[in-house]
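Colleague: Before I set up any calculation on this model, I would like to go through its backbone, its sheets and its ligand site with you. Could we take the points one at a time?

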Amino acid sequence: MSKNEFPSELFLPLLQEANVPRYIALFRALRQSIIEGKLIAGAKLPASRPLAQSLKLSRNTVKSAFELLLAEGYIETRRGSGSFVSDSVCVAGPTANVIQNRPVTKSSAKLSNLAERLNWQSHHKVPYAKYLLEPAIPALAEFPWIKWQRAVNYAGRVMKHEMESSGLGSLQLRVQIASYLQVVRGVNCHENNILVFSGSQQAIYLSLQLLLDPGESVFVEEPCYFGIDGAVNAIGANKILIDIDQQGFNLKEEKQHQANLAVVTPSRNYPLGTTLSLQRRIALLQWAKDSGSWIIEDDYDSEFRFDGPPLTSLQGLDSAQRVIYAGTFSRILHPSIRIGYLVLPDQLVQPFSCAKALMQGNVSILPQLALAQFMAAGHFSSHVRRMRKLYHGRRNLLQELVAQYLCEYLTLVPSDGGMHCVYLLGAGYSDKVICQRARALGVGIKNLSDYYSSDNKSQGIVIGFAGFNEQQQRRAIRALESIFSEY
Ligand SMILES: Cc1ncc(COP(=O)(O)O)c(C=O)c1O
């Protein structure tokens, strides 16, 4: 960016901040622009002299602001070339920013009741804005792009001979998924029981639509993933909340026979990370068998278990064919690949595939073939192994940093893996306030209370570690420390 291109005048109003030295005001203005993605990674900053002239500041003021930016990792210097916005800054890009900041206006158009219920979801933020420590973001920089591109090229070549003939999805992909699930997750399955979707959210929503009529009851974990809560609300089902304790989903005696369906995350409750104990798994399966009810097992990131191999799925213990297993590649590979699937009991394959054909149609064959090739070549398994190791290290680092800088404010909720950690807050702190302040500093932690439906909400924060390296974690933890110490 040349001197003439740099929009110095935009910073002038921001320098009027009262009661702070001018170099701090300039530092904050530049930092804010970097966080908001107005100055993108790699952008060159003007030299201190011309910037000082155009802002009518002393050169030392500009130099001091640059030094602060450098110390906090927002910019880096390259010998003989000047200062640049740091490549490792991982914050909202311009597009994400525009989307995030656009106010959600209530539509005056006449819409269906379903549309009204779906609109209830609009306050939830989709986790693609790349704020630091945002949960559900994998290590995107570690994705094996070259291998993926080769797989996509291959898919492009074979696509001309591959007409999608089955409503279930690409046979090659279903064969790969079936053999992976049998070996790694202990799922009982055949490729003809697998139905491919554009992500597991779509798969779970369709399942709810097909298994429940409005007003019928469904057991939902408390707390739970907002996508499940939103889908249950949207279809007009009667939601019965089941508390999560140290052994997971606690289906008590008095609640038995009350619901046609249970939606659970047995490997790791989302977001608390609790694993459903064997005793409770058996009780839940018995309930489904006795009452003729269904269980949706949402298995979203069980590959990332650090204290041993992934646990056997609930579906793998089910002898009565009552479990619908939902899986996704969003967490393991990349959120933009948009492929998920269901493993269906035999009697549901035909009604589900017919409904899918009418309601959603087939998933594009190109990414399915690419993913099948990627898995057949062994890249998927090796990526999972690499990420498990990387995330384990990142999880340990996060816990060390929290123990070092934030231990007086936060208590860890133990979990044996995953991509985020949950911490409970001490009395007197509002998790909403903490998260709002964190977001203003470019840190995308989530407030735990948002995942609860009842008024009995725990106050805590959900901190993503998988997508963030040491430098990014340290920067974010420093920002959180400042928020807590000024609270
Ligand atoms: C618990 C849980 N279930 C389901 C999903 C949906 O995943 P997908 O991206 O495949 O729609 C997510 C996504 O983050 C999730 O966290």
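Colleague: In which loop is the place of Pro-223?

Modeller: Keep in mind throughout that this is a predicted model. The peptide bond that leads from Glu-222 into Pro-223 is cis, with omega near 5 degrees. As for its place, Pro-223 belongs to the loop between β4 and α9 (226-234).

Colleague: What is the omega of the peptide bond from Tyr-270 to Pro-271?

Modeller: Most peptide bonds are trans. Pro-271 sits in the loop between β7 and α10 (278-291), and Tyr-270, the residue at the other end of the bond, is one of those that surround the ligand. The bond from Tyr-270 to Pro-271 is cis, and its omega is near 10 degrees.

Colleague: What value does phi of Lys-56 take?

Modeller: Most residues other than glycine have a negative phi. Lys-56, found in the loop between α2 (48-55) and α3 (59-71), has instead a positive phi, near 55 degrees.

Colleague: Which residue in the hairpin of β1 and β2 takes a positive phi?

Modeller: Strand β1 (residues 75-78) runs antiparallel to strand β2 (residues 82-85), and four bridges join them. Across this pairing Glu-76 stands opposite Phe-84, and Thr-77 stands opposite Ser-83. Three residues lie between the strands, and the positive phi, near 80 degrees, is that of Gly-80.

Colleague: Which strands stand at the edges of the open sheet of eight strands?

Modeller: The order of that sheet is β3-β10-β9-β8-β7-β4-β5-β6, and its pairing is mixed. Each edge strand has a single partner, so one side of it is left without a neighbour in the sheet, and the strands in that position are β3 (194-197) and β6 (248-249).

Colleague: Which residue in β5 is the bridge partner of Phe-219?

Modeller: Within this sheet, strand β4 (residues 217-222) pairs with strand β5 (residues 238-245) in the parallel sense, over six bridges. The residue of β5 that partners Phe-219 is Ile-240.

Colleague: At what angle does helix α8 run to β8?

Modeller: Helix α8 (residues 200-211) lies across β3, β7 (261-264), β8 (294-299), β9 (323-328) and β10 (340-343).

Colleague: In the open sheet of four strands, what residue of β14 does Lys-446 stand opposite?

Modeller: That sheet has antiparallel pairing and the order β11-β12-β14-β13. β11 (410-413) and β13 (446-447) each have a single partner strand, so one side of each is left without a neighbour in the sheet. β13 pairs with strand β14 (residues 460-464) in the antiparallel sense over two bridges, and the residue opposite Lys-446 is Val-462.

Colleague: Which helix packs on that sheet, touching β11, β12 and β14?

Modeller: The helix spans residues 379-405, and its direction makes about 20 degrees with that of β12 (420-425). The helix in question is α13.

Colleague: How are the residues of the shell around the ligand divided into nonpolar, polar and charged?

Modeller: The ligand is surrounded by Gly-199, Ser-200, Gln-201, Tyr-225, Tyr-270, Asp-298, Tyr-300, Thr-328, Ser-330, Arg-331 and Arg-338. By class, this shell holds three nonpolar, five polar and three charged residues.

Colleague: What percentage of the ligand's exposed area does the protein bury?

Modeller: A nitrogen atom of the ligand lies 2.6 Å from an N or O atom in the side chain of Asp-298. An oxygen atom of the ligand is 2.7 Å from an N or O atom in the side chain of Ser-330, and a polar side-chain atom of Arg-331 lies 2.5 Å from an oxygen atom of the ligand. Taken alone, the ligand exposes 390 Å², of which the protein buries 94%.

Terms used
Residues numbered from 1 in each chain as written. Predicted model: local features only at pLDDT ≥ 70, side-chain atom pairs only at ≥ 80, totals over all residues. Heavy atoms only, no water. Near = heavy atom within 4 Å. Polar contact = N/O pair within 3.5 Å; in protein donor to acceptor, adjacent residues only side chain to side chain. Areas by Shrake-Rupley, 256 points an atom, 1.4 Å probe, with all protein chains shown as cover. Nonpolar A, V, L, I, M, F, W, Y, C, P; charged D, E, K, R; others polar. Pairing = 2+ DSSP bridges. Contact = heavy atoms within 4.5 Å. Axes fitted to C-alpha atoms, helices over the stretch in contact; angles between N-to-C directions.
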